[in-house]
Each structure stands twice: as structure tokens, then as C-alpha cells.
Amino acid sequence: MKKKLYTAALAALAYASIFCAPASAAVFEPGRISFETGKIAQDGNNDLVLFTVQPELVRGNVSAVIDINLMFDRKFKLRDGGNDMVVLNSLSLNGDKLKARYGDVEGLTLGRGFIVSNYYSNITNNAQSNEQKGVVVDMNSDKSRVTAFGTLSHLIGGRAERNLGRATVGATLAMDSGPPLEI
């Protein structure tokens, strides 16, 4: 019963903070809100029912998306006791020369894609959590660009490029400090 009460209170707080707060007092202003529902297939017969609310909060060129996840099993128990009920989906800075994003890394390619091509950090985990998140930073100017990324699963990398007129010179580095990949 406490979990249901906690869930209802959290949903009411999210609603009040997004829609009822005066805009002048808010650090972030409400952007869009998304809803998602469905079933998450698990091993065996342990499928989960999912209901997610994703409010987006915006302030200038900074935006944040919060996931409020309710995942229930067949006995109407919260997955993992509700440990991943509130997840910071993403936090983004979108400037002209500097872009930074925390969240799922999706479709990342460094340079021409020889070393890192179309990388996704979230393909192994089909339930929302903070375990597969990462940071991507992209800095550019008229003649140079530096892109760096790191994930909570211990993969890091970067690429630096310099335009020399007729030619562009670049270098890419990627390292995985976790256990070796076994296929």
C-alpha cells in the first residue's frame, strides 16, 4: 500500500511542478510531456507492464527529460521495488559551438566511422534505468572539431579534427575498461 501511495504522491508532485508553478518562479519551464505504455518482454513469463510519463523541462538552450516509470509484474508488484521509478532520461546543452548531452548514446559515429560507427549504449537493457547512460560533448569552430564521449559501462572515446584548407587531419581514440567482449 505504501508503494501505491508513494507512486500517487510522486505523480501529483510531477504534475504540480510542471503545470501549476508560476513561470516566473520556475528555474525550468515546461516543454512537452510524453506518455508511453506497453509491455516489456522478460525471460520466461516475467513480462512487465510499463507506464511512463516523460516531462521535458527547458531553460534557454538547456533541456532535461525526466522519466517517471511504473513497471509492474503480473502480481502488480513494482519492478525491483521501484528502484528505477525516477530516471534522468537526458540533460542537454545545445549551444552554437558547444553541445553536450547526458543520456542514452544513440547512433554515435566519430569521424568517418572507422573505429566508432553507429554506437548505441542502450541496446542491451530494454527497461529504463541509469545503467546505460553516457555523456557526449561536441565542440566545434570554423577550422576544428573535438567530440568526446564516455558511458557508465566504461567505454570512452574521442575524435579531434583540424581543417587545413584542402585537407582535414583527424585522430580517433576509443577504449573499453570493462571486461573484454565475448561473442
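1. A strand here is a DSSP run of E covering at least two residues, while a helix is a run of H or I with at least four residues, and both are numbered from the N terminus. Phe35 sits in one of these, strand β1 (residues 29–40). Before going further, a friendly reminder that this is a predicted model: local features need pLDDT of at least 70, side-chain atom pairs count only at pLDDT 80 or more, and totals for chains, interfaces and linings use all residues. Residues are numbered from 1 along each chain as its sequence is written, and side-chain values use heavy atoms, with hydrogens and water left out.

2. Of its 183 residues, 32% are buried (buried is under 20% relative accessible area, exposed is over 50%, and partly exposed lies in between, with a 1.4 Å probe and protein chains only).

3. Among contacts (heavy atoms within 4.5 Å) with a separation of 6 or more, 41% are between residues 24 or more positions apart. The accessible surface comes to about 12,100 Å², and carbon and sulfur atoms hold 57% of that surface; areas come from the Shrake-Rupley method with a 1.4 Å probe, and for residues only the protein chains shown count as cover.

4. Back to Phe35, which counts as exposed because its relative accessible area is 57%. Together with Ile33 and Phe51, Phe35 forms a nonpolar surface patch with about 290 Å² of accessible area. Patches take residues with over 30% relative accessible area and no salt bridge, joining like charges within 9 Å and nonpolar side chains (Val, Leu, Ile, Met, Phe, Trp, Tyr) within 5 Å.

5. The whole structure has four salt bridges, each a side-chain nitrogen of Lys or Arg within 4 Å of a carboxyl oxygen of Asp or Glu. One of them pairs Arg32 with Glu56, with 3.5 Å between the closest N and O atoms. This pair links distant parts of the chain, as Arg32 is in strand β1 and Glu56 in strand β2 (residues 48–59), 24 residues apart. Arg32 is partly exposed at 46% relative accessibility, whereas Glu56 is buried at 16%.

6. Lys133 and Asp104 form another salt bridge, again with closest N and O atoms 3.5 Å apart. Here too distant parts of the chain are linked: Lys133 belongs to strand β6 and Asp104 to strand β5 (residues 98–104), 29 residues apart. Lys133 counts as buried because its relative accessibility is 3%.

7. Asp138 deserves a look in your viewer. Asp138 lies in strand β6 (residues 133–140) and is buried, with a relative accessible area of 11%. Its salt bridge to Arg145 has closest N and O atoms 2.5 Å apart, and Arg145 is partly exposed at 38%. The side chain of Asp138 also makes a 2.9 Å polar contact with that of Thr147 (a polar contact is a pair of N or O atoms within 3.5 Å; within protein, one must be able to donate a hydrogen and the other to accept it, and residues adjacent in sequence count only if both atoms are side-chain atoms). Leaving out residues up to four places away in sequence, Asp138 touches Lys97, Leu98, Lys99, Arg145, Val146 and Thr147.

8. Val146, one of those neighbours, is in strand β7 (residues 144–151) and is partly exposed at 34% relative accessibility. Beyond four places in sequence, Val146 touches Val137, Asp138, Met139, Arg159 and Ala160.
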